[in-house]
Amino acid sequence: MTQVSVPVLDFGGQTAQLLVRRVRELGVYSELLPHDATETAVHALNPQGIILSGGPASVYEPGAPQLPAWLLTADLPVLGVCYGMQLQSYALGGQVAPPAEREFGPATIEILDEHALFTATPREQLVWMSHGDRLEALPPGFHPIARSANSPFAAMGDDARRWYGIQFHPEVVHTRFGRELLRNFVHGVCGCGSDWQASSFVSDAIERIRAQVGSGKVLCALSGGVDSAVAALLIHRAVGDQLTCVFVDNGLMRLGEAAQVVETFREHFYVPLVAVDAAEEFLAALEGVADPERKRKIIGEKFIRIFEREARRIGNVQFLAQGTLYPDVIESKAPDRQKGVTIKTHHNVGGLPADMQLKLVEPLRYLFKDEVRAAGLELGLPEDWVWRHPFPGPGLGVRILGPVSWERAETLRRADAIFIGELRAAGLYRATQQAFAVLLPIQSVGVMGDGRTYADVIALRAVTTEDYMTADWARLPDDLLARVSSRIVNEVPGVNRVVYDISSKPPSTIEWE
C-alpha cells in the first residue's frame, strides 16, 4: 500500500472492529489484524501507528494473548485500549491486578494535566468502562494522564516513546469525546492526514480481486441485498465474463422478493445470472429443527452444496464470491478472529462446511455497511437498492422462531410485507436502518367475532444504528404501530396478537436468532 494506515491489533474485544471504523471515519485507512500478525504483515499496510484492542482475557492468565515482540522495537506510536493498555503495562514492567470492584458502564474521568491525547476536550468527561482488571502500578517511563473513581490510571503515557494507554473505550458512542481522542492520536501523535474514503476502496478492491482470481472462474452468491450486489459488481469490473451470479430461492425470502431480485439484476446490471428454485430442498432439510444455530448451519451448508452443484454445471469454477461484511466476521468468530467470542453463527462465515470445494472471494469482508453503501453508489447501484434494509442470509428461517414450515413462512411473509409497506408509506423506511417482523413460537388467547381464538403472535422489530454492532429500538409513532397491528391481525390468517420489541443492542442482538 502507498497510503498510510493505523492498523488495530485484535485481542478479541467485541468492539475491536469499531476502532477500525472510527479510524476510517477520520480519513485514515485501518484494518483489524490478528494480535500475533507478523511484522511483515503489519508493515505491508504502511502503518504510522498501532492500536491495541480490548479483549476478554486477563493478562496474567495462562495462554492469554501477549504483546508481539516486534512491536517493542518498531518505533511506532501505540495506543492501548483496555486490555491493550493492561498488556502494555504488563509487558513493560507495570502491575495489573483485579480490583475490589469491577468497572462496567459509564464513568467520569479527570484529566490530570493538559495532554495531546485530550486536546480540545474538557478536564472531566464521561467515558465507557468495561474491565475486570486495572493498573496498580505504571511501567517505567510512563506517567498518569487521567484517573477515575475506580481506576487511578485511567490513561497513561510515555511521551518519549509515543506509547499511550487508556482504560476506557473511545470507540463506542457512550464515550463522549472518544472520537476526539482518536483524532488526536491518529492525526496529532501519528501525523496522518485524511486521504482515505470508502469510495476509494473500489479501485483497490478490483486490483485485489484480479490478483486473487487470475484467470479462474467465479460464482457469486447473489442474495438480492446491497452486500452481494456490490460484491458482484466489483468482481464483474475486475474479471468480466469470468463471473456468473447465482440466486437461490430458499423458500424463505420476503413477499415477491425472488422475482424482484431476478428481474432487477438481469435488466439493470447485465451480469450473467442463474436462478435456482430450491425451496423444497431447504424446507425439507429444516423440518423439525428449532435450534437457531442448527438452522443457520443447515442453511449455510445447503447453500454451499447448491453453489457447488451449479459450479459443476457451469464448469471449471474455482471461486465462490460472497458479500460477507465485518459484522458477520466479528459475531461468528471467523477463522481470522480466533480470540473473539461467538455471538451467533452467520451462515456465510461460521456456517460454511469444512469440506467446501470452492475458494472464497470476499471483497467486502473488512467493510462496514455504510462503507459498502458508499462503494455501491460509486459503482452505480440505484439508491433504492443501496438503501435496502439488511436481510439475513438464512432469510425468514431465523425470523421464524422454532421449527420452519411453508405455512409459517407464508404467515410471516404477509405480516412483514404489511409492516414494511406501512413504514414506506409513512416515509420512515430510511429513518430506520433495519425493520422486520418475527413469528414467535407461542400462541395466545384472543377474541375475534365474539369467539375465542388461540393463534400466533407477531413481534415487530425496528432499530436505528450507525454500524449494526450497537443499535437502539426505533421510536415509531403510536398511530403507525396501531395501524400495522390492526392490519396484521385482520389480514393475516392465524394471527391474533402483535407486540413491539423495545430492546437495544446490547444486550439484545438485532435479529432474534
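This is a short walk through the predicted model of a protein of 513 residues.

Hi everyone, a word on ground rules before the tour. Because this is a predicted model, local features need pLDDT of at least 70 and side-chain atom pairs count only at pLDDT 80 or more, while totals for chains, interfaces and linings use all residues. Residues are numbered from 1 along each chain as its sequence is written, and side-chain values use heavy atoms, with hydrogens and water left out.

Let's begin with confidence. pLDDT is the predictor's confidence in each residue, from 0 to 100; the protein averages 89, and 94% of the residues score at least 70. Residues 334-338 fall below 50, and this stretch has 15 contacts in the model beyond near neighbours in sequence, a contact being heavy atoms within 4.5 Å. Residues 340-350 also stay under 50, with 48 contacts beyond four places in sequence.

Now the overall build. The protein has 14 helices and 20 strands; these are DSSP runs numbered from the N terminus, helices being H or I of at least four residues and strands E of at least two. The radius of gyration, taken over C-alpha atoms, is 25 Å, close to the 24 Å that the globule rule gives for 513 residues, so the protein is as compact as a globular protein of that length. That rule is 2.2 Å times the number of residues to the power 0.38. The C-alpha trace spans about 75 × 60 × 40 Å along its principal axes. Of the residues, 59% count as buried, where buried means under 20% relative accessible area, exposed over 50%, and partly exposed in between, with a 1.4 Å probe and protein chains only.

What sits inside? The largest nonpolar core has 121 residues, and Leu-234, Ile-458 and Ile-488 touch the most other members. By nonpolar core I mean buried Ala, Val, Leu, Ile, Met, Phe, Trp, Tyr and Cys residues joined through side-chain atoms within 4.5 Å. Helix α6, residues 226-239, gives the most to this core, with ten residues. Apart from it lies another core, of 37 residues, including Leu-19, Leu-79, Tyr-164 and Phe-168.

Leu-79 takes us to strand β4, residues 78-81. Val-78 and Gly-80 point one way from β4, Leu-79 and Val-81 the other, and all are buried. β4 pairs in the parallel sense with β3, residues 50-52, over three bridges; pairing requires that DSSP finds at least two bridges between the strands. Ile-50 stands opposite Val-78 there. β4 also runs parallel to β11, residues 163-166, joined by four bridges, with Gly-80 opposite Gly-165.

Next comes helix α3, residues 83-92. Eight of its ten residues are buried, so α3 is largely enclosed by the rest of the structure. Gly-93, which follows α3, has a positive phi near 105°.

Most residues other than glycine have a negative phi, and most peptide bonds are trans. Asp-75, in the loop between β3 and β4, has a positive phi of about 55° and is exposed, with a relative accessible area of 65%. Asp-450 lies between β17 and β18, has a phi near 65°, and is exposed at 82%. In the segment after β20 we find Pro-506 and Pro-507. A cis bond joins Lys-505 and Pro-506, with omega about -10°, and another cis bond joins Pro-506 and Pro-507, with omega about 10°.
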